[in-house]
Amino acid sequence: MNPQHDVELLSRYVDGEVSTAEQKKMERHLAECGICREHLEQLSTLRDGIREAADYELPSTFTSNLLRTIRLRESVLEERAGAERFAWRVVLALSVLVVVVVGYANLSQPEPLVTVDRVLAAEAPDSLTRRVIEPRHEISKDDIVFAAISK
Amino acid sequence: MKQPNDDLQLIERFRNGDERAFEELVRRYQRQVANLIYLTMGSREEVDDLTQEVFIRVHRSLSRFEYGASVFSWIYRIAVNLCIDEIRRRKIKKTLSLEFFNDHRLERERQSKAKPSADEHTLQEEKKQVIRDALQKLSPVHRQVMLLREYEEMSYDEIAKTLRISTQAVKSRIFRARDELRNLLKDYFKERR
């Protein structure tokens, strides 16, 4: 950078981002340098130009429309949350109902009647069969063989 | 940039259930936000909607605002993120020149129909458009610092905090952005002499 035309310092100078020493240095330089004065003028023009270019005006109804939209969105969200809460409650209630019905059905089911026929049908004697039959009478291997032959 | 001291009080009032505090915050910053969006996006079409969306997000997040931060910086970041999302979504970069051309042409047509003799006004509008076009030609990071410095009048430290970059980076970006704009606007400066 040419020390005589310190454009970086000039950029900070126009923003007021310089030390007192830098400010004095720049002011001395500007008093003598037409090029830097012109540069400074351009930076000011640019600043004014940008501020003028920012001329967008929102409609006067902007704030009221915004508040209405926020309220509307909130009520929609609230409704949706309410519907979701209701749906979850229904799901929960149905689940409880299913558990109760299945549990009741299991408990109220009559104990399976295990008879000698089941044994005669060559069904393997499981623990339940044994539990039911054994108190009644002992089944011998001969009984099982006899049942198989008869079948 | 001059920060009203009672921004934080407004937020406190809002957190305590006073909706009018939010309304006041909107009225305070709506014009600045709209113009930042306008100059960032380069088109008038979506400014109202995007500005509205910024404040909807502000409303939604106010309860999470951290008191150490500057309110405007926080709003600005929301606005910038929204613009970035919007630019990505619409792939605006590809059609930017065409949009500008159409936007500008339609606006001139409207003005010439409404005020056929308002040459001075039209000239003024054209000059503003030249500036807006030049800003659009800057890279997004250079455009950001220029808007925060020249339009929002933020100090280098405030810009650094807002953009979460070093003050040195701010200095450098502002200098480069100005240099780029001076080159882009050579004719503009000649006309304004």
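This is a predicted model: local features need pLDDT of at least 70, side-chain atom pairs count only at pLDDT 80 or more; totals for chains, interfaces and linings use all residues.
**Chain A meets chain B: a briefing**

Between chain A and chain B, 21 residue pairs are in polar contact, counting pairs with both residues at pLDDT 80 or more.

**What chain A brings**
- Helices α1 (7-14), α3 (34-53) and α4 (62-108) of chain A each supply at least two residues of the side that touches chain B.
- The largest share of that side comes from α3(A), with 12 residues.
- By type, the residues of chain A that touch chain B are 14 nonpolar, 8 polar and 12 charged.

**Extent of the contact**
- Chain A contributes 34 residues to the contact and chain B contributes 45 residues.
- About 3800 Å² is buried between the two chains, and carbon and sulfur atoms give 59% of this area.
- On the chain A side, A:Leu46, A:Ile50 and A:Tyr56 lose the most area to chain B, together 18% of what that side buries.

**Salt bridges**
- There are 8 salt bridges across the interface of chain A and chain B.
- A salt bridge joins the side chains of A:Asp55 and B:Arg44, at 3.2 Å from N to O.

**Helix α8 of chain B**
- In α8(B), residues 156-163, the buried residues are B:Tyr156, B:Ile159, B:Ala160, B:Thr162 and B:Leu163.
- Viewed down the helix axis, these buried residues fall within an arc of 165°, so they line one face of α8(B).
- Their cover includes α1 of chain A, along with α4 (71-90), α7 (140-151) and α9 (167-184) of chain B.
- After α8(B) comes B:Arg164, with a positive phi near 55°.

Definitions and conventions:
Residues are numbered from 1 along each chain as its sequence is written. Chains are lettered from A and ligands numbered from 1 in the order in which they are written. Side-chain values use heavy atoms; hydrogens and water are left out. Contact means heavy atoms within 4.5 Å. Buried area is the accessible area (1.4 Å probe) that two parts lose on being put together, summed over both. A salt bridge is a side-chain nitrogen of Lys or Arg within 4 Å of a carboxyl oxygen of Asp or Glu. A polar contact is a pair of N or O atoms within 3.5 Å; within protein, one must be able to donate a hydrogen and the other to accept it, and residues adjacent in sequence count only if both atoms are side-chain atoms. Helices (H or I, at least four residues) and strands (E, at least two) are DSSP runs, numbered from the N terminus. Ala, Val, Leu, Ile, Met, Phe, Trp, Tyr, Cys and Pro count as nonpolar, Asp, Glu, Lys and Arg as charged, and the others, Gly among them, as polar. Buried means under 20% relative accessible area, exposed over 50%, partly exposed in between (1.4 Å probe, protein chains only). The arc is that of the directions from the helix axis to the C-beta atoms.
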